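Me: I've got a structure open and would like to talk through how its pieces pack. Can we go step by step?

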Amino acid sequence: MTGVPMIDGKTLLIAHLGYPTESFTAPMIYNPYFEKAGVNAVVMPLGVQAEAYPEVLRALLSLTNFHGALITMPHKVTTLGLVDEASPTARIAGACNALRKEADGRLRGDMFDGEGFLRGLQRRGRAVAGARALVVGCGGVGSAIAASLARAGAAALSLYDVKTAAAEALAGRLRQHYPALAVGTGNPDPAGHDIVVNATPLGMGAEDPLPLDAGRLDPAAVVGEVVLSREVTPLLAAARARGCDTQVGTDMLFEMIPAYLEFFGFPAATAEELRQVARLAS
């Protein structure tokens, strides 16, 4: 193991900002990787409630060794309004889950939930270009996934959310950035879709209802989850029974971290390398 001191006078700080912090897993993935790769940086969880967040972020910017931050709930949407520059994906998602302090002090924001999901599909050899995709749940994660699928060349996106306005607003942002993309809203029917995404919390509990009619899934489709607390959700179990390929929520988590590392300018890693060094509680 190469190794560097986990914290010393030259350590770059990556803040992990959110509330509450008890469920944060990023420090147990990034920090073992930094130690193995000889990167003198540390991911530090910092519990910040919503009302204090803008002031805390301004204070962090004054730190000379502040390199950037991972952003989680409830601050993703707020962050978009606090950065100086945001990627198209972040603008479509209406949220940021990462920010980087540039040399001139400006803040650049991006959103990698969708990139993680996309890389998971690509690792499975699933073609996104020309595909028809259904995204159920149009909050921050669902919006980011939809944006990444659009960027990768999906031919058509169907969007559904119990809050109709959320799906319509996301559709409008997608059409603005990708005018050639066919976007529909209001129907969670998975039939005829090559890629089906559950971006809702449904599935965290074993008794949760399915977010869509699994009996309408095309057996050739790939069905993906964003739920991290359960490896196989009821939807994924039903999809597998239909013969579908599936992608679990933790795949998205580990696949997005290489994109984060690139964003922060750190050495690249594969999802497999990160899984090998992660020190997640069993």
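Predicted model: local features only at pLDDT ≥ 70, side-chain atom pairs only at ≥ 80, totals over all residues.

Me: Which residue in β8 does Val 136 stand opposite?

Reply: Val 136 falls within β7, which spans residues 132-136. Its opposite number in β8 is Tyr 160.

Me: Which strands stand at the edges of the sheet?

Reply: The sheet is open, has 6 strands and pairs them in parallel, in the order β9-β8-β7-β10-β11-β12. Two of the strands have a single partner each, so one side of each lacks a neighbour in the sheet: these are β9 (182-185) and β12 (245-247).

Me: What angle does the direction of α8 make with that of β11?

Reply: Helix α8 (residues 234-241) packs on this sheet and touches β10 (195-198), β11 (222-225) and β12. Its direction and that of β11 make an angle of about 170 degrees.

Me: Are α6 and α7 roughly parallel or roughly antiparallel?

Reply: The axes of α6 (residues 140-151) and α7 (residues 164-177) come within 11 Å and cross at roughly 25 degrees. Angles under 35 degrees count as roughly parallel. The two helices are therefore roughly parallel.

Me: How many nonpolar residues does the contact of α6 with α7 have?

Reply: On the α6 side, Ser 143, Ala 146, Ala 147 and Ala 150 make the contact, and α7 brings Leu 170, Arg 173 and Leu 174. By class there is 1 polar and 1 charged residue, and the nonpolar count is 5.

Methods
Residues numbered from 1 in each chain as written. Heavy atoms only, no water. Axes fitted to C-alpha atoms, helices over the stretch in contact; angles between N-to-C directions. Helix = DSSP H or I, 4+ residues; strand = E, 2+ residues; numbered from the N terminus. Parallel < 35°, antiparallel > 145°, perpendicular 65-115°, else oblique. Contact = heavy atoms within 4.5 Å. Nonpolar A, V, L, I, M, F, W, Y, C, P; charged D, E, K, R; others polar. Pairing = 2+ DSSP bridges.
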